[in-house]
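Subject: Handing over the structure, with notes

Dear colleague,

I am passing on to you the structure shown just below, together with an account of what was found in it. Please keep it open while you read, so that you can look up each place as it is named.

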Amino acid sequence: MVDTKRADYVIIGAGSAGCTLAARLSEDGAAKVALLEAGPRDTSLLVRMPAGAGRLIPTKNEHNWGFWTEPQAHLNNRKLFWPRGRGLGGSSSINGMIYIRGHARDYDQWRQMGLTGWGYRDVLPYFRRSESLETGADLWHGGDGPLHVSRPASHNPLYKAFIQAGAAAGHPVTRDFNGRQQEGFGPYQLTIKDGERWSASFAYLRPALERRNLEVIPEAYATRILIEKGRAIGVEYAGGPGKPVQRIYADKEVLLTAGAVQSPQILQLSGVGDPDLLGKFGITVHAPLTEVGRNMQDHLDVCVINECTKPITAYSAQKGFNQIKTGLNYITRRQGPGRQNFLESGAFLKTRKELDRPDIQLHLVAAIMIDHGNTRVEKDGFTIHACQLRPESLGTIALKSADPFAEPAIDPNYLATELDLRTMREAVKISRDVANQKPLDFLRGEEIRPGKEVRTDAEIDAWIRATAETIYHPVGTCRMGVDDRAVVDATLKVRGIEGLRVVDASVMPTLVGGNTNAPTIMIAEKASDMILGRKPMAPEDAPIAEDAERAA
């Protein structure tokens, strides 16, 4: 065993939160920062090219952990594929590049749970600090942050027609899901810059790599956190199974940023978790926190798919010689379909009028997406992804072995409540209604999924159970809270262990209404001030439409 390295801060995981922390903590040169990442560097063309997401997400590869869940009791006992990013940038290096923060009330709900400093007014300054919106700053957006956020750049008529179809179906239209009004149909904002994916690695880590006080260690798989006398003192890591185990010591703090799957797994391997579970594997208990790995929430998703009557989707862009042409055009000129994510419009909608915020989200994909894209259909088509934003069903992450290289048991417990199933059923009905509106007549072909044989509620429910998949937003497994059962407190410190914080999507007490990459970066931005002992940014006010409606 080699014991040679030291740093003030040791960060475990170079995903969205880890890259953000590494950059912010090393800014002034005073603190020595070490960033460990189990995966490789992010030099692959498939990472840089936005269209490469279609190759990175569907299968296990060097940039994708490719987990599988336990059999899901309410989904016909199916095991579901769970893509999670591996390597510098983490999931921000393989995701769909959608910039969404969630609804303002999501954060006010955290504040109402007793988490002072986490309300919408408190987190808005950190969203703005992180962001550089290409059209400039305003009340809701930043103009000079590391994370470049762009407007859709393609001219594909499908995206505009989808928004028009939503309006024709009687739904609101919004210009900015992250601004005054989330509810409605509109264009997505994208983490794409000059035709390249703008991951957390590109935004935060790369500009910081020349700093002498920052060391990035790829292919460094954290096997456990070293804890002595109730304090985290360092991390053990290895290059893989059978490789030499090394240690790095933290003079100030260990910061766990491994994500909603692996942060609870690493805590459990380190003796922080449910004593009954740890006892099964002979792991010494350092902090008996029974909630580690619990409270898991994720966005379950179904796909309503239609043929497209014009050759304007990903299929035509990538079939035959076009695939080579697309690749060469991107490599040489950064032009063409390679610079697109094929996902430029969507919607946030209510399935019940009495709700105070949208409870479903739609993603319009200019492609036929079945089984994460693994099932190829040789024709043009478009997919309406529909997910429930705030499920009642709670799942778990738990060790299956004391072997740190063994995958944990992932049990999302999808559709465990009647409300969750009902919401998904309504999402299917809404998606179908929108797909059949007049503005899409010139593009819409035959419905492929669910298909004309699926009509009654019982048939829709059965189809949901047979086909639903994750849309990649797990959170909550190291829950933040003010109660004694919470894993971390409002400053993200692990209860019962000094010198240890968790900073990633696993700390979210409830799932936000939208994609989770931007909120994870915000959490890390806010945490960096906490860690360095800085005063929090001053709260900011920015109006939201729902408040105006209530006042009226």
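The second largest pocket of this predicted model holds about 340 Å³ of space. It is lined by 23 residues, and those closest to its centre are A153, S154, R339, Q340 and E344. If you sort the lining of this pocket by class, you will find 8 nonpolar, 9 polar and 6 charged residues.

Cavities come next, and the count is 2 when those of 30 Å³ or more are considered. The largest cavity contains about 120 Å³ of space, and of the 15 residues that line this cavity, G102, H103, A104, Y120 and G179 are the closest to its centre. Helix α4, which covers residues 104-112, and helix α5 each contribute at least two residues to that lining. By class, the lining of the largest cavity is made up of 6 nonpolar, 6 polar and 3 charged residues.

The second largest cavity has a volume of about 70 Å³, and its lining consists of M296, Q297, D298, L300, Q388, P391, S393, P412, Y414, L415 and D420. Here the classes come to 6 nonpolar, 3 polar and 2 charged residues.

The axis of α5 (residues 120-130) and that of α14 (residues 517-532) come within 9 Å and cross at roughly 105°. Because angles of 65 to 115 degrees count as roughly perpendicular, α5 is described as roughly perpendicular to α14. On the α5 side, the contact is made by V123, Y126, F127, R129 and S130, while α14 brings in A518, P519, I521, M522, E525, K526, S528 and D529. Sorted by class, this contact of α5 with α14 has 7 nonpolar, 2 polar and 4 charged residues.

Is helix α8 mostly covered or mostly exposed? Helix α8, which spans residues 259-269, is mostly covered, since 11 of its 11 residues are buried. Among these buried residues are G259, V261, P264, I266 and L269. Just after α8 comes G271, whose phi is positive, at about 90°.

Most residues other than glycine have a negative phi, and most peptide bonds are trans.

With that in mind, please look at N76, which is not a glycine and yet has a positive phi of about 60°. N76 sits in the loop between β3 (67-68) and β4 (81-82). With a relative accessible area of 47%, N76 is partly exposed, because the label "exposed" is kept for values over 50%.

D194 is another residue other than glycine with a positive phi, in this case near 50°, and D194 lies in the loop between β10 (192-193) and β11 (196-197). Its relative accessibility is 60%, so D194 counts as exposed.

Finally, which two residues does a cis peptide bond join? The bond is between R449 and P450, and its omega is about 0°. You will find P450 in the loop that lies between β22 (444-449) and α13 (457-467).

With best wishes,
A colleague

Conventions: Residues numbered from 1 in each chain as written. Predicted model: local features only at pLDDT ≥ 70, side-chain atom pairs only at ≥ 80, totals over all residues. Heavy atoms only, no water. Buried < 20%, exposed > 50% of the residue type's maximum accessible area, 1.4 Å probe, protein only. Helix = DSSP H or I, 4+ residues; strand = E, 2+ residues; numbered from the N terminus. 1 Å grid on protein atoms, 1.4 Å probe; cavity = no way out; pocket = protein on both sides within 12 Å on 5 of 7 lines; lining within 4 Å. Points joined across faces, edges and corners; volume = space filled by probe spheres on them. Nonpolar A, V, L, I, M, F, W, Y, C, P; charged D, E, K, R; others polar. Axes fitted to C-alpha atoms, helices over the stretch in contact; angles between N-to-C directions. Parallel < 35°, antiparallel > 145°, perpendicular 65-115°, else oblique. Contact = heavy atoms within 4.5 Å.
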